[in-house]
Amino acid sequence: MLAGGTGQRVGLSIPKQLLKIAGKAVIEHTLSIFEQSDSIDDVIVLMAPGFVPDVEKIVAKAGLTKVTKVIEGGQTRNETTERAISALGEGLADGEDRNVLFHDAVRPLLSQRVIKDCVDALDRYQAVDVAIPSADTIIVTRTHGSDGEFITEVPDRSRLRRGQTPQAFKLSTIRKAYEIAAGDPNFQATDDCSVVLRYLPDVPIYVVAGDEYNMKVTQPVDVFIADKLFQLASTAAPVQADEAAYRELLSGKTLVVFGGSYGIGADIAALAERYGAQVYALGRSTTGTHVENPEHVDDALSKAYSATGRIDYVINTAGVLRIGKLAETDNTTIQEALNVNYLAPVQIARASYKYLAETRGQLLLYTSSSYTRGRAEYSLYSSTKAAMVNLTQALSDEWAGDGIRVNCVNPERTATPMRTKAFGTEPAGSLLSSEAVARTSLDVLLSELTGHVIDVRQQDPTREASSEASGFEQALASVLDRQEDV
């Protein structure tokens with residue numbers, strides 16, 4: 001992990017990799033990607049001089065077990081890579097080799113697919129780059145004195161690619177390239193594949209297809225775009241292998257479900273009970289639990305803990321949806337929306353903290369597709385649902401050191417009694433089932449995810465399922481469409 005940049009182009013007094021985006025330092029987002037990769041065994045961080053302790057604190061707090069070393073980088077990219085090569089060679093026997101990926105710490109949106117493709121390619125090649133086609137026409141210019149720049153060449157765009165990272169090598173190959181380069185008094189490199197290309201010209205460099213959203217946070221606008229991408233992009237929860245896996249993971253666990261009288265909350269409770277969990281489903285109409293009343297929340301959690309000796313998961317699906325123009329909405333309705341949709345989750349979070357810290361459990365909240373863009377005539381609902389996303393991201397960072405995970409499920413339009421009350425009967429098949437949302441909710445609870453927004457959508461048989469890339473591409477398009485207004 002190459003993290004030697006100083007952040008000067010972003011206008012910062014700290015390295016840009018320590019800048020917080022979506023509640024976490026950029027480098028933590030990037031390191032977490034490799035932590036989750038089955039293709040990666042160990043991570044070494046080359047950090048800007050003077051900031052090694054900062055990264056060590058991030059690694060310890062986030063529990064990033066694959067990070068084995070954090071060492072100072074050099075004054076130049078060349079020197080930093082040379083230090084990495086030296087560290088990678090420690091402990092190797094003669095003739096032993098390693099696969100190594102060099103990745104920019106300020107590319108925090110890397111996909112697992114690209115990592116796997118790079119590692120797999122090293123089975124056949126000694127050097128691997130990652131690149132995407134150039135959507136822009138590239139021109140070559142020359143400056144003529146004070147007259148400015150003039151075009152001298154327009155290369156064929158079909159052959160041009162924009163380089164990204166990671167770049168992958170056999171350690172013996174990149175070491176040899178740098179050893180030869182050391183004899184060149186004019187040697188200077190901005191990336192490592194160019195060193196192999198120049199000094200080991202007989203070594204083919206294979207190109208793995210990159211991703212448009214694998215952006216590098218370099219300019220001030222990149223900070224804004226990356227932050228919005230994290231806010232808007234969703235994550236898929238890993239599905240359990242079979243029914244037996246759900247039983248194994250949920251048996252003996254305690255779930256407290258606020259809003260468990262009907263709809264999604266009731267379906268989560270029923271599913272979890274089926275798999276052996278001890279479930280406390282609470283609701284206004286069934287147990288008389290009013291989530292907007294802090295005493296009711298405290299009492300519900302206390303009773304569940306007293307009965308089972310633990311609370312592993314706290315879920316809040318309670319909400320109210322009132323349709324109407326804000327200017328015509330009375331104060332009582334406004335207060336109800338704020339109390340139930342915003343203050344109640346805040347109180348639930350506060351009251352749940354001590355129990356979840358004990359079990360290193362998870363708080364699961366719910367938002368709505370309207371969180372990315374408020375809708376006319378339910379401004380209170382959509383704005384409080386946007387707050388749930390922000391609350392999720394903030395608490396996941398705040399509670400990371402305690403091992404508490406916090407996530408937010410974002411179902412598309414779902415067939416629930418609350419929706420029917422607000423919108424009436426809608427066409428059959430046009431809504432997502434609450435059972436489908438409940439199933440995904442269980443997958444989120446059983447995952448290691450934290451700080452994520454997880455979309456739940458209907459499967460459309462007329463098109464392919466959305467890929468990880470398409471979700472980011474939609475988010476990127478949304479960000480760019482609004483960037484000028486912002």
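The paragraphs below lead from the whole predicted model to a few of its local features.

In this predicted model, local features are described only where pLDDT is at least 70 and side-chain atom pairs count only at pLDDT 80 or more, whereas totals for chains, interfaces and linings use all residues. Residues are numbered from 1 along each chain as its sequence is written, and side-chain values use heavy atoms, with hydrogens and water left out.

The mean pLDDT, the predictor's confidence in each residue on a scale from 0 to 100, is 87 for the protein, and 87% of its residues reach 70 or more. Over residues 460-471 the pLDDT is below 50, and beyond near neighbours in sequence this stretch has 5 contacts (heavy atoms within 4.5 Å) in the model. The pLDDT is also below 50 over residues 481-486, a stretch with 6 contacts beyond its near neighbours in sequence.

The secondary structure comes to 15 helices and 19 strands, which are DSSP runs numbered from the N terminus (H or I over at least four residues for helices, E over at least two for strands). Of the contacts with a separation of 6 or more, 72% are between residues 24 or more positions apart. Of the 486 residues, 47% are buried, where buried means under 20% relative accessible area, exposed means over 50%, and partly exposed lies in between (1.4 Å probe, protein chains only).

Helix H14, residues 434-445, has 12 residues and reaches 16 Å from its first C-alpha to its last, close to the 16 Å expected at 1.5 Å a residue, a span taken as 1.5 Å times one less than the number of residues. Because 9 of its 12 residues are buried, H14 is largely enclosed by the rest of the structure; among these buried residues are Val437, Ala438, Leu442 and Val444.

Ile139, in the loop between strand E7 (127-133) and strand E8 (140-143), counts as partly exposed because its relative accessibility is 43%.

Two residues other than glycine have a positive phi: Arg360, near 55°, and Glu377, about 75°. Arg360 lies in the loop between helix H11 (331-359) and strand E15 (362-366) and is exposed, with a relative accessible area of 52%. Glu377 lies in the loop between E15 and helix H12 (379-398), and at 39% relative accessibility Glu377 counts as partly exposed.
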